Every structure is written in C-alpha cells, then in structure tokens.
Amino acid sequence: MKKTLKTLAIAVIGLAAVACSSAQKMAELADNVVVKCDPAVLECIGGSIDPTVSVTYPANYFHPKAILEVTPVIVYEGGESKMAPLMYQGEKVKDNYKVVPKVGGTIAEKLHFDYVEGMEKSHLELRGVVRYKAKSFQLPTKKVADGLNTTYMLVKAGGQVPMKADGYLPVIKQTAEGQIMYKVNSADVQAAQLKGQSVKDFQNALDEILDNERKTLVGTEVVAYASPEGGEKLNAKLSDKRAGTADKAWDKIVKGKDVTDPEVKSMGQDWEGFQELVQNSNIEDKDLILRVLSMYSDPAVRESEIKNMSSVYTELKSDILPELRRARFIANVEFKNYTADELIKLVDSNSDVLDEPALLHAATLVKDLSSKVKLYNKAIDKFDSDKARFNLACAYLNAGDLKKAAKAFANVETKDEELTNALGVLALREGDFEKATSLFKKAGTKVAKTNQGVIDILTGDYEKAVSDLKDAEGCCNNTVLAYVLTNQYDKALKAAHCKDPQVTYLKAVIAARQGNFDQVKTYLAEVAKKDKALAERALKDVEFAEYYK
C-alpha cells in the first residue's frame, strides 16, 4: 500500500559534534542521535511487522571502546514484544558487532515482529544500554513509531465454495401421455386401440391430475405422425388425417372429465422419432444405419434408403417403423412443489417422499449441521447423488471442520473445476497458500480467481489483489478492501455496493484518510448499529487516530 510516509524523528539537540570522553556521556547525550522509522505508523502485512529504522550517530559521539545494545520493542495493550538486541561497537572494540566509526554515520536496520492481537494500539520504541568495561549505562527510551495499521485484516479470508445447484423448482412442469397406433397407410382408429393399456394409463393419469390439489392442468395436445418410409407428400396428408381421427378419439377418451380442448398438431413423417428408436434399439448395425441415412438431406432419397434397409434389417420393418405410425395424447401439468415450511415438516415426518432435488434443497433450509449431514447422506444412499457428496463436504467446510470436509471432498466422484476450487479453499483455510494458489490456477474459474485475491491480500500483494478481485461476483468486501489498500478510493466507493457493515467501515477509513470527519462520524454511527465488534475496533484503529484526537 502506497503511503504518504510521515517521519517521526528525534530532534537533534545541539548540532555541534560532541566529544564523548566516556561511555556515560553517550547515555547523557543520547538525544543527539537521530532515529527515523519507515513507516512512521507501523503496518502489518501477512501477519508480519517489518519496519526499517535508521539511526544517525553524530561525529565524535560513539566512544571507540564502548558497546551499544539496542532492543526494539513493540509495546501494546496487554504486553510487549521484543526483538533480539541489535549490537554495535566502537572502532577499538575487538568483537564482531557492527562498527560505528568516530566520524559518525547512519545505520539502517530491518526489524521484524510477528503480529500479536492487541497491537492495533501500540508503539515501537528502542531501549539502549551502553557498556564500557564492567560498567553499563541505560539510554533514554526512544519512541520511534506510533500505532499499527491492520486494515488488511478486514479481508474475508475464508474463500468461496458455491454449493452444487440443487435443481429444486417451486413449480415443476410435467406431462402425462398416452398413444394410439395406426396400421400402415391408414388413418382409421381401431376400437382396440381406445381400450389399450396406453390409453387407460392416460385416463388414470388425468383423473389423478384433476384430483391432486398440487397439480394444475395447463393444456392438452393431440400430436399425429407418419413413419418416414413413404413419400413426403403422402406422409404429410396421412399425418393430417391421423390428426383429425385422433382428435375425434380424444373426445371419447376424456368423456366426462373436466378437460380443455386439445391443440391438434400434424407433424408429418417422424425422422427424429426414427433416429431415437434406432439408437435405443438392439440392432447390431444401428450406428451404421444412422450414419448412412444422415448423409442424405433429401427426404425422398432418405425414404428410399429406409425402404432398402428395411429389407435387410427386418427389425426396422417389424419393430421400428410401426412405432412411428401413431398419435399422442398429451396433458401438460404444473406441479406446485413443497414450500420451505412444508419441506421442513417433511424432513421430520416423512423425508422418504422427497426426491433428490428436494432433499438437497431441504438441507439448505435446516440450520444445524447434524440435520444437514443426515439429509445429504440420505440423498447419497437413495440416489447415489454426487451433488450431495459435494454439498456435504461444503457443509463441513462451512462449519469449520476441515478434517471431515477433506474426507468428504475425497469421496466426490465428479472431478471438475468446482471440486478443484473447493480443494483450493480447503488448502487456503489450512494456511497452505502455495497449494491453494496452484489449485485456484488449475480450476481457472471466476470464483477461483476471486479466492486467489484473498491470498493476494493476506500476502501483501495488493496490486494483484485488485486484478483478481475487480470482477468478483457477490460479496464486494474484498474488492473494496483491495482498492483501499492501493489508495484507489474512487474505485473503492464505486465497488462498495454491498449492504454490509464492513463495507461501511471501509468507507469510514476512506473518509478518515481524506480528512472528512463528518463522513467518518456518519459511517461509524451506521457501523455501530449493526456490528458491535467493528465499532469497538474503530476505537483502537490507527486509521481513525486523527478523528478520535
């Protein structure tokens, strides 16, 4: 994050070079040493605090036979964190520490501290001790940096694993069908056809539809066909005649039932039906037959070839073509599916009636993990549902049980990019950023790229985070954060469309950085209404140090 660095320096008292006649004088004249910290406000990146401290010693300050021990310390609420002492020596000391020459000079040190909770309200100080022979002299403690910026920790670090869509629909479109068959080149309806099992089943289905409160009959159809071995014109006329006689038969079939008049259709020769029946048949050369027939776009040529093939493949003549001389009776139905409340009740009373989509959807409605697990396992046992295997693993992941999530993901049979992304999120939560990055790259999906943005923020690669998060869908928190961390405030505010207290908090951060304290007050008041923890964070957040002065 690009910052306007403020320098906290210990002013030099007395610019003239001081001749130190003793080590004690080094302690007494320590204010002559200039100390600068970059950044002046400490910043935590990826759990580490790594400022650079520069110490400038004036000429004739450092006693040639003295040793200086400097201990960097972060002091915070509830404790302090110390580094190992930094050791320096005068020109005449025979040791292996850094030498500070008599003429003075500047020494820069890269410090490192691991973040500890509570360091948000803290300061960095240097504690020094001068040693000369058997004596030691304490130097005044120098405060060199005030506060610790932890804004990056507002990242939503869990990663996203969308569950497999359950396919549950509030209204399901269904059909009930029956059919009658015709003799070759005939449009006459045989009495036996109207008493056949197909028509009986259709009549029973109509009765069930009309009696079922959850089902609504929204339309009916009569659809007539001819088999494709005759001439195209002949078949079109034959199909029309069959449509007419089937329409008259419809009145007999639905007599006494409250059913709408059907939409009557004549489809002509049924080439598509022929292909489907052949493909589903046991004819040994079925693929060859279909491949050869597909070469002919001219219906007349294709019809001739079908006749020729029928003489060779008797199954075409005896089993396939007769099935295409038909009229279908169709009832179009809308089934009103179970409501959320009904599903919840069925989970407890009779979950056996639920199909796969209903079980998967019910699992999203129940709150406790054990109920979710039970429903997913039921879908796995009853329907061998791989969606349920995946969503079960997601349920464990969302509950924070990484071991059970890993085991469940290992059982998923569909090895697709969604599983790869999920395994990346698992690695992310386990802290294995290298493995997670590899999996997100392999998955190559938009959500995987969004998850990589989390790693970018956690590792301090904020510019890459912007690239990975700019097109993120859904929650905008991390996108806004990435823009804030790169000082792109206009883009951050434009992306801040989420109704989330954390996003409001980031707006307050932007306002504070721009010195607009009226907006800071408004945003923080809004945060306080929705998120007590964030409101308490603001009181210690160095981003608002100027606001709370």
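A polar contact is a pair of N or O atoms within 3.5 Å, and within protein one of the two must be able to donate a hydrogen while the other must be able to accept it. Keep that in mind for the first stop, and remember throughout that the model on your screen is a predicted one.

**Helix α12**

Begin by selecting residues 386-398, which make up helix α12. At the start of this helix, look for Ser385, where a side-chain oxygen comes to within 3.5 Å of the backbone nitrogen of Lys387. The 13 residues of α12 reach 18 Å from the first C-alpha to the last, which is close to the 18 Å expected at 1.5 Å a residue. Is α12 largely enclosed or left open by the rest of the structure? Eleven of its 13 residues are buried, so the helix is largely enclosed. Colour the buried residues, which include Asp386, Arg389, Phe390, Asn391 and Tyr396, and then show what covers them, including α10 (356-365), α11 (369-383), α13 (402-410) and α14 (417-429). Cys394 also belongs to the buried residues of α12, and its relative accessible area is 1%. Just after the helix, stop at Gly400, which takes a positive phi of about 85°.

**The cysteines**

Next, select Cys476 and Cys498, which are joined by a disulfide with an S to S distance of 2.0 Å. Which parts does this pair tie together? Cys476 lies in the loop between α17 (462-469) and α18 (477-485), whereas Cys498 lies in the loop between α19 (489-495) and α20 (501-513), so the bond links parts that are 22 residues apart in sequence. Cys476 counts as buried at 3% relative accessibility, and Cys498 counts as buried at 14%. The structure holds one disulfide. Now move to Cys44, which is buried with a relative accessible area of 1%; its sulfur is 14 Å from the closest cysteine sulfur, that of Cys37, and this is too far for a bond.

Strand β2 is part of an open sheet whose four strands stand in the order β10-β3-β2-β14, with mixed pairing. At the edges are β10 (113-114) and β14 (148-149), each with a single partner strand, so one side of each is left without a neighbour in the sheet.

**A hairpin and a buried threonine**

Now select β11 (residues 122-132) and β12 (residues 135-138), which run antiparallel and are joined by four bridges. Val130 has Phe137 in β12 as its bridge partner. Two residues separate the strands of this hairpin, and in the turn Lys133 has a positive phi of about 55°. From here, go to Thr71 in strand β5 (residues 67-76), which counts as buried at 13% relative accessibility. Leaving aside neighbours within four places in sequence, Thr71 is in contact with Lys82, Met83, Pro85, Glu125, Leu126 and Arg127.

In soluble globular proteins, nonpolar side chains tend to be buried together. To finish, select Tyr57, Leu124, Phe409 and Ile457, which touch the most other members of the largest nonpolar core, a set of 112 residues. Apart from that core lies another, of 20 residues, among them Val199, Trp250, Val259 and Ala331.

Conventions. Residues are numbered from 1 along each chain as its sequence is written. This is a predicted model: local features need pLDDT of at least 70, side-chain atom pairs count only at pLDDT 80 or more; totals for chains, interfaces and linings use all residues. Side-chain values use heavy atoms; hydrogens and water are left out. A nonpolar core is a set of buried Ala, Val, Leu, Ile, Met, Phe, Trp, Tyr and Cys residues joined through side-chain atoms within 4.5 Å. Buried means under 20% relative accessible area, exposed over 50%, partly exposed in between (1.4 Å probe, protein chains only). Two strands pair if DSSP finds at least two bridges between them. The expected span of a helix is 1.5 Å times one less than its number of residues. Contact means heavy atoms within 4.5 Å. A disulfide is a pair of cysteine sulfur atoms within 2.5 Å.
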